[in-house]
Amino acid sequence: MNDAAIIAPQRAWGKGRLVAKSRSGRTAIAELYQEGCAKIRLPKTFDASLEAVLINSSGGITGGDRMTWAFEAGEGTALTLTTQACEKIYKASAGTADISTRISVAGGSRVDWLPQETILFNCASLSRSLEVELAGDATFLAVEAVLLGRKAMGEVVQAGLLRDRWRVRSGGRLLHAENLTLANDIAALAERSVVLGGAAAFATLLYVGTDCEAMLPRLRGTLGSHANAGVSHVQVAGRDKLVARIAATDGFALRKVLVPVISHLRNDASVPKVWTL
C-alpha cells in the first residue's frame with residue numbers, strides 16, 4: 001500500500017486561555033496561555049480596560065480542526081475579546097470543525113465578546129459553542145455575526161453545516177439558551193421567510209446588565225429603520241437581558257447596523273480598532 005494513502009490530512013488545533021485581574025485600578029493579566037494555532041495579543045488601551053485580540057494562525061478553519069478558548073474576568077475588571085479578522089470556514093473534505101469558548105465573569109466585572117464575522121464557504125462544516133457563567137451583578141455583551149459567503153466575491157453557500165450553541169448562566173441559573181442549525185441545503189433554508197428571507201448575513205446580539213431598560217429606547221430607534229431587525233427585553237432568573245437579531249443582504253449592510261448598536265451598548269465606546277483596520 002502506498003504510504004501516502006494511509007496518512008491522515010493534517011488538522012489545525014489551538015488552545016488559548018486568559019485570566020484578568022484588577023491591579024491599581026486597571027485590568028491586568030493574571031494568566032496567559034496559548035498553544036498550537038491559537039494566539040492572543042494584548043494591544044495597548046487608553047483606559048482601565050484590557051483588550052485581547054484572538055488570532056488563528058492557521059489562516060482559516062476546515063473540517064476536523066479544533067479551537068478552544070477560555071477566559072476569566074476577575075472581580076472589578078473590564079475585558080474586551082475580539083478577533084484579528086473574520087474567521088473563514090472553508091469547505092470540509094471530511095469531518096466537522098469545532099470551536100468552543102468558555103467565559104467566566106466575576107462580580108462587578110464586564111466582558112464584551114466581540115469577534116468579527118464568521119464567513120461560511122460552500123460545503124463548510126462547523127460546530128461551535130459559547131458557555132458563559134456570570135456573577136449576579138456582572139455585565140456581558142456578546143455578538144456573533146455570520147456571512148453566507150462574500151457577496152462581493154460572487155460566493156454562494158449552497159450546502160454545508162453550521163451548528164451554534166449558546167448557554168449563558170447567572171449565579172448558576174440558566175439565563176439564555178439557544179441552538180441554531182443550518183444544515184444540508186442552506187441556500188433553500190436561507191430563502192425561507194421564517195429563516196433569513198434571502199439574506200446572506202445575520203447576527204445575534206445578547207446584552208446582560210442592570211441598565212437594559214435604559215438602553216432599550218435608543219436601541220429600538222437604531223434598529224427601527226432596518227426592516228430585518230428586532231430586539232426583545234426579557235427578565236430571566238432575576239436578571240435583565242436584551243436579545244437582538246439582525247439580517248442583511250451582505251456583510252457591509254450588516255455592519256452598518258451592527259456597529260452603532262455595539263457602540264451604544266458599550267456606552268458609546270467604539271468597536272475594537274481591529275474591526276476597522
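Trainee: How much space lies in the largest pocket?
Mentor: About 480 Å³. Keep in mind that this is a predicted model.

Trainee: And how many residues line the largest pocket?
Mentor: There are 21 of them. D47, S49, E51, T80 and R266 are the ones that lie nearest the centre of the pocket.

Trainee: Which strand gives the most to that lining?
Mentor: That would be β6, with three residues. Strand β6 covers 78-83, and it and β9 (110-114) each put at least two residues into the lining of the largest pocket.

Trainee: OK, on to the second largest pocket. How much space is in there?
Mentor: About 420 Å³. Its lining has 25 residues, and N56, T83, A85, E87 and I99 lie nearest the centre.

Trainee: Which strands supply at least two residues each to the lining of the second largest pocket?
Mentor: β4 (50-56), β5 (66-73), β7 (87-89), β8 (97-105), β11 (125-134) and β13 (160-170). By class, the lining of this second largest pocket splits into 11 nonpolar, nine polar and five charged residues.

Trainee: Is C37 buried or exposed?
Mentor: C37 is buried, because its relative accessible area is 7%, and the cut-off for buried is under 20%. C212 is buried as well, at 0% relative accessibility.

Trainee: What about the largest nonpolar core? Which residues touch the most other members?
Mentor: F71, I103, W113, L134, F140 and L148, out of 50 residues in that core. There's also a second, separate core of 32 residues, with I55, M215, V231 and I246 among them.

Trainee: Let's stay with W113. What does W113 touch, leaving out residues up to four places away in sequence?
Mentor: Quite a list: L54, F71, L81, T101, I103, L130, F140, L141, A142, V143 and E144.

Trainee: T101 is on that list. Where does T101 lie?
Mentor: T101 lies in strand β8. With a relative accessible area of 4%, T101 is buried.

Trainee: So what does T101 touch, again not counting residues up to four places away?
Mentor: W69, F71, W113, S129, L130 and E131.

Trainee: Where is the place of L161, and is L161 buried or exposed?
Mentor: L161 sits in strand β13, and it is buried, with a relative accessible area of 13%. Not counting residues up to four places away in sequence, L161 touches T96, A124, S125, L126, T181, L182, A183 and I186.

Trainee: Last topic, backbone angles. What is the phi of S24?
Mentor: Positive, about 55 degrees, although S24 is not a glycine.

Trainee: Where is S24, and is S24 buried or exposed?
Mentor: S24 is in the loop between β1 (13-23) and β2 (26-36). S24 counts as exposed because its relative accessibility is 78%, and the cut-off for exposed is over 50%.

Trainee: And C123, what is its phi?
Mentor: C123 isn't a glycine either, and its phi is positive at about 70 degrees. You'll find C123 in the loop between β10 (118-120) and β11. At 31% relative accessibility, C123 counts as partly exposed.

Key:
Residues numbered from 1 in each chain as written. Predicted model: local features only at pLDDT ≥ 70, side-chain atom pairs only at ≥ 80, totals over all residues. Heavy atoms only, no water. Buried < 20%, exposed > 50% of the residue type's maximum accessible area, 1.4 Å probe, protein only. 1 Å grid on protein atoms, 1.4 Å probe; cavity = no way out; pocket = protein on both sides within 12 Å on 5 of 7 lines; lining within 4 Å. Points joined across faces, edges and corners; volume = space filled by probe spheres on them. Helix = DSSP H or I, 4+ residues; strand = E, 2+ residues; numbered from the N terminus. Nonpolar A, V, L, I, M, F, W, Y, C, P; charged D, E, K, R; others polar. Core = buried A, V, L, I, M, F, W, Y, C linked by side-chain atoms within 4.5 Å. Contact = heavy atoms within 4.5 Å.
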